[in-house]
Amino acid sequence: MKRIHKRSRRSQLGFSLVEILVAAILTVLLAQATAAALRISVQTQNRASTENSFENAIVADLEQVRAINRNLCRNPNFDRTATTSPNNLSYGAFGDCAGTIFQERCRATGTTPGFGNLLQAQVPNFTSQTVIVNGQTWTISRQTLVPDRPLNSGDAGYAESSQSVLKVRYDLTRGSTTIAPAFVTEFVPDAVGSCQG
């Protein structure tokens, strides 16, 4: 005996109205979630790009300051016949600075300013640069400062370190709005390490 299978009525009718509505709602929710994720991704990429351009401008400038700092009190060619540096400092036997003016800069005594001042005088001017942050143009600027004494000048060992630090500060400005400081760092010139108390 052969069985005859009847097709259910349901399979002939297709999807019900409720099923179509649920599928439509799920599709809309999924599309909205995808759009939100794409929007967040674009915003994150823009923010990363902005931060990179800000960081790149600062890093390039800091590398220039660092190079000047390294060579502030050195005979660049280690030419033992050279007797003075471009900063009127005498060279010692190993191409490092020595002599009376060097010691005066170590102590920042009299009219001779310290190595922080010397580094500040050697650092070229910073050309203001612009970056785009959230569709708005901001300007990066730099300030340098040589404090008379380090912040912890009361600590032992800091009595002779007057004017031996160069503080470098970068600000972001747009119109009358300033983010200050956006980034701050300090340089202790390498020459200070050769100073003897």
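The backbone oxygen of Pro113 lies 2.9 Å from a polar atom of the Arg105 side chain, a polar contact (a pair of N or O atoms within 3.5 Å; within protein, one must be able to donate a hydrogen and the other to accept it, and residues adjacent in sequence count only if both atoms are side-chain atoms). This is a predicted model, in which local features need pLDDT of at least 70 and side-chain atom pairs count only at pLDDT 80 or more, while totals for chains, interfaces and linings use all residues. Residues are numbered from 1 along each chain as its sequence is written, and side-chain values use heavy atoms, with hydrogens and water left out.

**Arg105**

- Arg105 sits in helix α3; helices (H or I, at least four residues) and strands (E, at least two) are DSSP runs, numbered from the N terminus.
- With a relative accessible area of 12%, Arg105 is buried (buried means under 20% relative accessible area, exposed over 50%, partly exposed in between; 1.4 Å probe, protein chains only).
- Leaving aside neighbours within four places in sequence, Arg105 is in contact (heavy atoms within 4.5 Å) with Leu89, Thr112, Pro113, Gly114, Phe115 and Leu118.
- Arg105 and Ala191 are 86 residues apart along the chain, and their C-alpha atoms are separated by 9.5 Å.

**Nonpolar core**

- A nonpolar core is a set of buried Ala, Val, Leu, Ile, Met, Phe, Trp, Tyr and Cys residues joined through side-chain atoms within 4.5 Å.
- The largest such core has 26 residues, and Phe102, Phe115 and Ile140 have the most contacts inside it.
- Two or more residues of this core come from each of α2 (17-70), α3 (100-107), α4 (115-122), β4 (136-145) and β5 (166-174).
- Helix α2 gives the largest share, five residues.
- Not counting residues up to four places away in sequence, Phe102 touches Cys73, Leu89, Cys97, Phe115, Ala191, Ser194 and Cys195.

**Aromatic pairs**

- Rings of Phe, Tyr and Trp (its six-membered ring) pair if their centres lie within 6.5 Å; planes under 30 degrees apart count as stacked, over 60 as edge-to-face and the rest as tilted.
- The count by this rule is two aromatic pairs.
- Phe126 and Tyr170 form an edge-to-face pair, 5.8 Å centre to centre with 75° between the planes.
- Phe126 lies in the loop between α4 and β3 (129-133), and Tyr170, 44 residues apart from it, lies in strand β5.
- Tyr170 and Phe183 have ring centres 6.3 Å apart and planes at 40°, so this pair is tilted.
- Phe183 is in strand β6 (residues 177-187), 13 residues apart from Tyr170.
- Tyr170 is buried at 0% relative accessibility, Phe126 is buried at 15%, and Phe183 is partly exposed at 35%.
- Ring pairs link Phe126, Tyr170 and Phe183 into a cluster.
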